[in-house]
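User: Could you take me through the charged side chains in this one? I'd like the cut-offs spelled out as we go.

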Amino acid sequence: MFLAFNEIRHSKFRYALIIGVMFLIAYLVFFLTGLAYGLAQENRVAVDQWDADAILLSNDSNNNLGMSMIPIKDFDEVEASEKAVLAQTPGVVQKVGAKKSDDKISVSFFGIRSDEFIMPEVVEGEAFENNDEGIADISIKEEYGIELGDELKLSGQEKTIKIVGFVENAKFSVSPVIYTTIGAYQEIRFEKTDDSPDARINGMVVRGDVTAYPEDDLDKIEISQFISELPGYNAQVLTFGFMIGFLIVIAAIVIGIFIYVLTMQKVSIFGVMKAQGISSGYIASSVIVQTFLLAIIGVGLGFIGTYGTALFLPTAVPFQSNFAFFGIIGLLMVFFALFGAVFSVKTIVKIDPLKAIG
């Protein structure tokens with residue numbers, strides 16, 4: 001331990017460069033991991049908020065919520081611990097009174113009943129009460145400046161929705177969600193309301209045990225499976241997963257090579273130390289301790305840099321910190337650095353003092 005600290009103190013610039021390299025590698029891996037995780041979450045976070053167990057879709061929908069069409073009368077035939085009606089359709093909206101050149105917002109409308117369990121918690125404003133009101137993900141306030149009381153007009157329609165509340169963590173397929181009534185959904189999708197038993201919805205969300213449902217018309221899909229089959233979600237997760245995985249492997253190899261080269265540069269010094277009677281075990285343990293310190297400092301600075309950067313990123317950047325992922329990646333990077341040091345220990349053991357000095 002004394003030898004490791006003393007050498008770092010003596011060659012500050014050299015070890016500062018090594019820490020800098022490890023910091024940059026760790027920062028890159030952490031930052032890309034946060035972007036990949038954030039983008040994946042924006043596909044599914046609204047579904048996670050339901051805290052549901054399964055969803056019922058029409059059996060010819062190929063597990064696609066938007067392609068599913070179910071008569072609302074089937075809701076009464078479903079027997080479950082908790083159940084909720086769900087209607088969904090994409091849309092493009094713009095603030096009433098805004099110029100045509102202003103930003104249009106791609107959203108996902110969720111038609112729900114406010115007294116059922118998938119109704120989200122309103123963090124600002126109040127819940128919707130009629131077909132002309134809605135509550136939206138708070139990102140449209142932060143990113144587009146939409147405020148309580150603003151009216152949003154749908155592209156290609158005369159229909160408007162007044163924003164009366166905001167909720168958090170309500171994004172579906174990367175689009176912010178606007179929750180509204182089933183009647184409003186029908187106006188948006190079919191341009192008319194329908195109060196009959198054959199009025200169309202997209203699905204039914206259930207929590208707990210499902211004891212009965214019309215199996216000839218509906219498929220019961222576990223929420224985990226439903227999420228994995230969201231359009232583009234699986235391909236996105238696999239792409240980023242492989243990218244981050246290969247990046248970690250490459251970073252580990254680079255760190256291992258750095259540590260090995262650093263050890264080899266000190267062969268003559270180790271030879272002198274062995275000639276003075278210092279054991280190979282003591283020298284090897286010093287190298288490992290030194291490597292551990294450098295790796296911990298570099299990875300720690302990388303995490304701090306990533307967390308600091310996240311504080312200044314605009315809302316439009318889908319970055320989310322996942323400390324479990326960061327912890328695993330950090331431990332892997334430290335492990336591979338130590339592996340490079342252990343690999344170089346073999347060289348230390350084989351050093352002949354006379355040859356090293358000569």
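Analyst: Let me begin with exposure: a residue is called buried under 20% relative accessible area, exposed over 50%, and partly exposed in between, with a 1.4 Å probe and protein chains only. This is a predicted model, in which local features need pLDDT of at least 70 and side-chain atom pairs count only at pLDDT 80 or more, while totals for chains, interfaces and linings use all residues. Residues are numbered from 1 along each chain as its sequence is written, and side-chain values use heavy atoms, with hydrogens and water left out.

User: ok, how many salt bridges are there?

Analyst: The count is nine salt bridges, where a salt bridge is a side-chain nitrogen of Lys or Arg within 4 Å of a carboxyl oxygen of Asp or Glu.

User: And what does K73 pair with?

Analyst: K73 forms a salt bridge with D198, and their closest N and O atoms are 3.2 Å apart. K73 sits in the loop between β2 (70-71) and β3 (79-95) and D198 in the loop between α4 (182-190) and β11 (200-201), so the pair ties together parts that are 125 residues apart in sequence. Strands (E, at least two residues) and helices (H or I, at least four) are DSSP runs, numbered from the N terminus.

User: What about K95, which residue is its partner?

Analyst: K95 forms a salt bridge with D150, the closest N and O atoms being 3.6 Å apart. This pair links distant parts of the chain, with K95 in strand β3 and D150 in the loop between α3 (139-144) and β7 (151-154), 55 residues apart. K95 is partly exposed at 36% relative accessible area, whereas D150 is buried at 14%.

User: Switching topic, which residues form the negative patch?

Analyst: The negative surface patch is formed by D76, E77, E215, D216 and D217. Patches are made of residues with over 30% relative accessible area and no salt bridge, like charges being joined within 9 Å, and Asp and Glu count as negative. The place of a charge is taken as CG of Asp or CD of Glu, and accessible areas come from the Shrake-Rupley method with a 1.4 Å probe.

User: Where is D76?

Analyst: D76 lies in the loop between β2 and β3, and at 64% relative accessibility D76 counts as exposed.

How values were computed: Patch = residues over 30% accessible without salt bridge, like charges linked within 9 Å, V, L, I, M, F, W, Y side chains within 5 Å.
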